[in-house]
Amino acid sequence: MKFNFYFVSLSMLLLICLFTPARSVAQSGFPGGVAGLKHWYNISSSPEQGQAWKDRIGKDGISLQLTDGQYDYLNGNPVLQLNSRLEPIQLPIASSTIDRSTMISLYHAQDTFSEQIIWRMANPSQAGLVLSTHRLGDVSNGRYFKTSAQLALHPILHTYVQHQRGKADAQTANWFIGHTGELGNLPVVQFTGSLPELLIYDRVL
């Protein structure tokens with residue numbers, strides 16, 4: 001399986017593409033006007049329902065109503081706060097969506113000393129892919145790639161690109177956000193910090 005990954009700091013690209021003004025989003029339907037988006041998790045605000053973390057594109061995702069302490073603000077926008085006040089999040093993801101995909105994660109870790117898990121994505125029979133604050137791991141194939149961004153105090157924008165189809169054994173994969181799920185033998189701790197955006201495109205960007 002061939003893939004690439006990239007780490008960059010918060011920049012004007014982030015401001016333009018991810019925190020797109022509401023008018024631009026309404027016109028294009030996608031962040032930055034880039035089509036092919038399958039999942040787009042962030043916080044949606046409304047006077048009636050308050051703050052809710054949900055998938056703005058996919059139809060099968062979950063929606064979490066957030067209370068004080070479960071969200072914070074970054075760049076004037078509400079962001080999901082992963083901490084002990086929030087129940088562990090597990091998202092269903094179609095295995096076909098992961099094939100030839102681009103996954104974008106924006107996170108801001110509070111702890112730069114411990115290796116914290118951002119997410120793990122896997123079919124039920126696999127250890128799968130693991131993104132942590134220190135590295136990206138293709139655990140099922142025993143491959144790990146460290147990054148110099150592990151000591152960063154600023155928000156990190158991470159992009160994972162998969163060029164070829166994997167050998168999916170199931171139609172639905174699990175996306176564990178901020179924790180390992182039932183896989184308990186990884187040398188990582190639960191993530192503590194903010195998670196403004198999670199996006200999956202159905203192609204290589």
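1. Trp 175 comes out as buried, with a relative accessibility of 1%. Keep in mind that this is a predicted model. Trp 119 is buried as well, at 0%. In both cases the call follows because buried means under 20% relative accessible area.

2. What kind of pair do the rings of Trp 119 and Trp 175 make? Their planes sit at 75° and their centres are 6.0 Å apart, so this one goes down as edge-to-face. The angle is what decides it, because planes over 60 degrees apart count that way.

3. Look at where those two tryptophans sit. Trp 119 belongs to strand E9 (residues 116-122), while Trp 175 is in strand E14 (residues 172-177), so the pair ties together parts 56 residues apart in sequence.

4. The structure has four aromatic pairs in total. One of them is Tyr 41 with Trp 53, a stacked pair with 25° between the planes and 4.8 Å from centre to centre. This pair, too, links distant parts of the chain: Tyr 41 is in strand E2 (residues 37-46) and Trp 53 is in strand E3 (residues 50-55), twelve residues apart.

5. Are Tyr 41 and Trp 53 buried or exposed? Tyr 41 is buried, its relative accessible area being 0%. Trp 53 is buried too, also with 0%.

6. Last, a charge over a ring. Arg 56 lies over the face of Trp 40, and the distance to the ring centre is 4.3 Å.

Definitions and conventions. Residues are numbered from 1 along each chain as its sequence is written. This is a predicted model: local features need pLDDT of at least 70, side-chain atom pairs count only at pLDDT 80 or more; totals for chains, interfaces and linings use all residues. Side-chain values use heavy atoms; hydrogens and water are left out. Rings of Phe, Tyr and Trp (its six-membered ring) pair if their centres lie within 6.5 Å; planes under 30 degrees apart count as stacked, over 60 as edge-to-face and the rest as tilted. Helices (H or I, at least four residues) and strands (E, at least two) are DSSP runs, numbered from the N terminus. Buried means under 20% relative accessible area, exposed over 50%, partly exposed in between (1.4 Å probe, protein chains only). A charge sits over a ring if NZ of Lys or CZ of Arg is within 6 Å of the ring centre and within 35 degrees of the ring normal.
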